[in-house]
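Dear colleague,

I am handing over the structure below, together with a short account of what was found in it. Please read the account with the structure open beside you.

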Amino acid sequence: MTTVDLPLLPLGRGSDPLSERGVECPGDLPPASDPDLVARARAAKEKLGERLFVLGHHYQRDEVIQFADVTGDSFKLARDAAARPDAEFIVFCGVHFMAESADILTGPDQKVVLPDLAAGCSMADMARIAQVERAWDALAEAGVQDVVVPVTYMNSSAAIKAFCGRNGGVVCTSSNAEVALDWAFEQKGEDTKVLFLPDQHLGRNTAVLKLGYSLDECVVWNPHKPNGGLTPEELAQARIILWKGHCSVHGRFAADVIDELRAKVPDLNVLVHPECQHEVVLKSDLVGSTEFIIKTIEEAPAGSSWAIGTELNLVQRLKNAHPDKNIMFLDRNVCYCSTMNRIDLPHLVWALENLAEGNLVNQIEVDPQTEADALVALQRMLDLPGKTHRD
Ligand code: SF4
């Protein structure tokens, strides 16, 4: 039998320089069975005191979230870190692109640490800078590049954000995608096209449901096909070129599950994230960012029923926090974000104890040129009119 030597990235060994993350787990982790993990994390945190600031993304496990000084979505957390310039170590319990964003926004003396470097994001990995540069060249050859404005979702590598900064584009979050797209479509006159990276679903849902473009005006750029799999005519007619990327968690939710649940649960409200597929969003009652989802459930009346299409850790936490409401997960199967879940208590303890002992581990550092270019695109987002930049 022939065996193929594949890089087993989920095991956290080796490296993948072409993806948004390098993967390496130096040192020995404490065993997950260690009954003292909570006490060890507390002790290390106490020892580091004000030098440490721990960020916890909403999709993290409870065992990790309990040690977060602040929780939130990726951009909010990066800004929270920037607002704590005296904190020497920013431990980001999230994924790689989030830690990069925190490094970009924090001061040069602040060190951003990701407890497990294998915690990448499959969506961010679907748009690699070499692929995007190739697509950009192909758009030039097709004669449309000069009217294309690149817009990238926050969930992308620093290199992609920098690409947008260099090429007149902007970063957006799931809260301000509509405003960012509106801005982008004004940049090159009435023929403007947008290249939306890397989440086709957020791009499509925003362009069609918020801005009124038709599905026919959206085309999908497949980076694994020559010229994205598109003809020059298709490119010429398109208004929005969607990168063929998606979230492996939100992409799982299916429209037929909504039908099944509605048949079983009277007066069900379906609340989903805009990273879900277009058909799912069309069948839902409400769509919005994780902050919107949290706020909606907080404000919902007691006794109301909700099926929620976002990451399971958050749905579970909302269910526990609101026992007076009937909250369910919008999927037949249990499905966490596997890369988010790489940040577990052993990794957190390992990182905190190393920092407390004076060993800087798993630092995420964006090179100065990439940082400067990415900041241009982030600043354009901050300058957008109206809506907030929260995720
Ligand atoms: S939930 Fe989706 S977008 Fe968020 S980190 Fe996981 S794979 Fe990436």
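To begin, S3, helix H4 (residues 96-105) and S4 make up a β-α-β unit that is right-handed; a crossover is called right-handed if, with the strands pointing away from the viewer, the path from the first strand over the helix to the second runs clockwise. Helices (H or I, at least four residues) and strands (E, at least two) are DSSP runs, numbered from the N terminus.

Please note that this is a predicted model, in which local features need pLDDT of at least 70 and side-chain atom pairs count only at pLDDT 80 or more, while totals for chains, interfaces and linings use all residues. Residues are numbered from 1 along each chain as its sequence is written.

Strand S3 covers residues 89-93, and four of its five residues are buried (20 or more other C-beta atoms within 10 Å of a residue's own; exposed means 12 or fewer, partly exposed in between; C-beta atoms are placed from the backbone). S3 pairs in the parallel sense with strand S1 (residues 52-57) over five bridges, where two strands pair if DSSP finds at least two bridges between them. Phe53 stands opposite Ile90 in S3. S3 also pairs in the parallel sense with strand S4 (residues 111-113), over three bridges, and here Phe89 is opposite Lys111.

A further group of five strands forms an open sheet with parallel pairing, in the order S6-S5-S7-S9-S8. Its edge strands, S6 (170-172) and S8 (218-221), each pair on one side only. On average, neighbouring strands of this sheet are turned by 25 degrees against each other, direction ignored (axes are lines fitted to C-alpha atoms, for helices over the stretch in contact, and angles run from 0 to 180 degrees between N-to-C directions). Helix H9 (residues 200-210) packs on the sheet and touches S5, S7, S8 and S9; contact means C-beta atoms, placed from the backbone, within 7 Å. The direction of H9 makes about 155 degrees with that of S9. S8 and S9 (residues 240-243) run parallel, joined by four bridges, and Cys218 stands opposite Ile240 in S9.

What surrounds the ligand? There are 13 residues around it, the closest being Cys121, Met123, Cys247, Val249 and Cys337 (near means a C-beta atom, placed from the backbone, within 6 Å).

Finally, Arg134 lies in helix H6 (residues 129-141). Arg134 counts as partly exposed because it has 15 C-beta neighbours inside 10 Å.

Yours sincerely

Definitions and conventions:
Two residues are in contact if their C-beta atoms, placed from the backbone, lie within 7 Å.
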